[in-house]
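Subject: Structure for you to look at, with notes

Dear colleague,

I am passing on the structure below, together with some notes on what came out of going through it. Please read the notes with the structure open beside them.

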Amino acid sequence: MGLSVEEMLQIDIFSNAKLLGGAAGLGNEIKGATIIEAPDIVKFISGGEVLLTRFYAFQSCNLKEFNEYFRELAAKKVSAIVIKRGNDVEDIEEKVTYIQEFAEKYAVPVLEVAFELSFREILRPILERLFNEEVRRLKYFKTTHDNFTALSFVHGSGDDSLQKILDVLEKLIGNPAALFNQNMEYLAGTEGSVPKMTISERAEECQPKFYSNYIYLRQKVALTDEDPKMYEQYVVKWRVMYNRRVYLVITASKNPFGDMDDIAIENAVTALKQEMFRRHSVEELEEKFQNDIITQILNGNIHSRKELEREVRHLGIPFHANYRVLILKLWNESAGTFEKLNEQFKFDSILRDAVVNEFEDVRIRNDVDQVIVIQQIRPEQKQDDYRRELKGTVERIQKRISQKNKNLKVRAGVGKEVEGVLGISDSFKEARDSLEFIGIFVERSAVKGHHIAFFSDMGIFKLLCKCDNPEELYEYIPESLQKLLHYKKQQRQELLLTLNTYLDRNQNLTKTAQELFVHYKTASYRIDRIVKITGIDMNNASEVLAVRIGLIVNKMIENMKR
């Protein structure tokens with residue numbers, strides 16, 4: 001805080017001043033000082049001024065006009081009024097009495113000084129103190145700015161540069177500081193900072209004492225469940241690139257916020273923003289370069305072994321190690337088509353961040369709405385152990401995603417283990433096919449949570465994946481089922497759903513009716529209708545198996561046509 005009215009009274013010129021009223025406002029901050037020479041001066045007051053008057057401006061106004069004028073001053077929230085009592089003003093005593101009442105009502109200190117004192121003598125020390133305060137803030141701004149700028153130049157290329165900036169900020173403000181990304185994940189922090197943060201609904205936007213390009217929020221938080229004490233916390237948020245938001249969190253757990261902490265925070269944010277922009281730019285270039293290499297390896301677009309070895313060195317992975325490709329994707333089965341697309345892009349960074357955090361030593365490539373992972377496999381690891389480990393990893397990823405949106409499910413398609421980089425393209429094709437099959441089998445394999453499909457578990461459907469012609473695939477659909485597929489459009493979908501549910505529930509009519517939320521007799525009637533249309537013998541296990549396969553092949557054809 002700058003100069004207060006109480007501190008102004010310590011100036012020598014006010015040694016004999018008399019406080020007529022408004023003692024409750026002695027803590028008011030002074031932001032300026034001016035002389036009232038005309039009543040119209042109120043139009044030019046911005047608030048926080050000390051007003052000096054000898055009532056010359058009011059010498060001929062009546063008490064009603066005087067009252068209205070001071071109501072306007074109250075609305076402007078002046079800091080204090082300094083008066084000199086002259087004898088050439090009408091109703092001077094009544095007006096002084098009114099000012100005293102005004103002082104008590106609005107907590108605006110009213111001081112009376114000797115008539116002989118010139119306003120120039122009073123203004124000079126007040127303005128000197130105000131200007132000194134501004135100069136002090138400007139000097140501190142420059143000092144902190146220079147410190148953080150120098151820090152950026154010296155440590156700009158280091159991995160710990162963000163930490164260095166936060167450490168300097170902590171020393172300047174005497175409170176812990178921490179940095180979080182757009183997913184509220186902890187990036188760096190000083191000693192005593194809490195690695196978790198949430199923005200309360202009661203958080204209020206606040207403005208520092210200067211123009212800022214960043215958004216400042218203030219809230220009260222408890223640091224731990226064991227410590228119920230509430231501490232004041234500042235949250236500053238800004239964007240680094242596009243949809244990447246960053247939060248700087250400062251908690252007043254050691255010292256109350258100082259009057260110039262906002263200056264240090266502002267300069268720290270600028271330094272952090274520059275450093276993160278630099279990092280993001282470098283990472284973006286490296287990621288683009290690596291993505292190009294990964295794309296070539298995944299698609300098998302390698303012109304020579306020498307070229308492949310060179311690009312593998314850029315990726316930093318062994319040429320002859322064992323690898324497996326996984327593709328992870330988010331899905332919301334209950335959402336509409338537009339919502340699905342929107343959510344896939346919206347939560348893309350969350351999925352990628354979760355994959356980066358949960359998988360060790362992998363190469364990752366974002367592909368629109370999915371994340372492709374090239375994972376190096378340990379030679380001694382058994383298949384069962386790998387499956388168990390992968391399941392745990394995907395479960396943790398699902399947990400992270402659910403914290404952001406409970407409706408989103410993680411799907412993972414897994415290719416076979418291959419020996420050497422040359423086999424990665426084969427594993428990628430299998431991962432892609434198995435991911436697509438999750439959508440086809442989802443009703444059969446759906447559980448609450450994630451879905452994982454290994455290409456090696458797909459059996460006969462591995463052969464069908466090699467066929468990309470819908471007409472050829474159609475030949476795998478039994479003639480009996482084809483009749484249902486060509487039945488009346490209005491009833492076809494209802495009957496197909498009933499048949500699919502009936503077979504999935506092991507031809508149990510009671511469970512089928514419960515699953516479809518229909519009466520038992522309705523389910524029985526539909527099955528009889530299907531048998532009449534198709535001629536399927538529900539007691540023939542081979543024929544039923546053929547129909548099951550045909551239903552899945554039909555879904556594959558529908559996927560191809562989308």
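The notes that follow go through salt bridges, aromatic pairs, surface charge and backbone angles in turn.

Please keep in mind throughout that this is a predicted model, and that every value below was computed from it.

Salt bridges

The structure holds 20 salt bridges, of which I describe some here. In general, side chains of opposite charge can pair when their charged atoms come close.

One of them joins the side chains of Asp292 and Lys288, with 3.7 Å from N to O. Both residues belong to helix H6, which covers residues 261-299, and because they are four residues apart there, about one helical turn separates them. Asp292 is partly exposed, at 37% relative accessibility, while Lys288, at 52%, counts as exposed.

Another salt bridge is formed by the side chains of Asp361 and Arg363, again with an N to O distance of 3.7 Å. Here the acidic residue Asp361 counts as exposed, with a relative accessibility of 55%, whereas Arg363 counts as buried, with a value of 15%.

Arg526 and Glu494 also form a salt bridge, in which the closest N and O atoms are 3.4 Å apart. This pair links distant parts of the chain, since Arg526 sits in helix H17 (residues 520-534) and Glu494 in helix H15 (residues 489-504), 32 residues apart. Arg526 is buried, at 13% relative accessibility, and Glu494 is partly exposed, at 41%.

Beyond these pairs, salt bridges also link Glu185, Glu358, Arg396 and Arg400 in a network.

Aromatic pairs

A search of the whole structure finds four aromatic pairs. One of these consists of Phe180 and Tyr186, whose rings are arranged edge-to-face, with 5.7 Å centre to centre and 70° between the planes. The two partners can also be described by their accessibility: Phe180 counts as buried, at 1% relative accessibility, whereas Tyr186 counts as partly exposed, at 35%.

Surface charge

On the surface, a patch of negative charge is made by Asp468, Glu471, Glu472 and Glu475. Within this group, Asp468 is placed in the loop that runs between helix H12 (461-465) and helix H13 (470-474), and Asp468 is exposed, with a relative accessible area of 66%.

Backbone angles

Most residues other than glycine have a negative phi, and most peptide bonds are trans. Against that background, two residues may be worth a look when you go through the backbone.

For Met184, phi is near 60°, which is a positive value in a residue other than glycine. Met184 is found in the loop between strand E6 (177-180) and strand E7 (186-189), and with a relative accessible area of 26% Met184 is partly exposed. The loop that holds Met184 thus lies between these two strands, and the aromatic pair described above is made by Phe180 and Tyr186.

For Asn506, phi is likewise positive, near 55°, in a residue that is not glycine. Asn506 lies in the loop between H15 and helix H16 (509-516), and at 65% relative accessibility Asn506 counts as exposed.

Terms used:
Residues numbered from 1 in each chain as written. Predicted model: local features only at pLDDT ≥ 70, side-chain atom pairs only at ≥ 80, totals over all residues. Heavy atoms only, no water. Patch = residues over 30% accessible without salt bridge, like charges linked within 9 Å, V, L, I, M, F, W, Y side chains within 5 Å. Areas by Shrake-Rupley, 256 points an atom, 1.4 Å probe, with all protein chains shown as cover. Salt bridge = Lys/Arg side-chain N within 4 Å of Asp/Glu carboxyl O. Lys, Arg positive; Asp, Glu negative; His and termini not counted. Charge placed at Lys NZ, Arg CZ, Asp CG, Glu CD. Buried < 20%, exposed > 50% of the residue type's maximum accessible area, 1.4 Å probe, protein only. Phe/Tyr/Trp six-rings, centres within 6.5 Å; stacked < 30°, edge-to-face > 60°.
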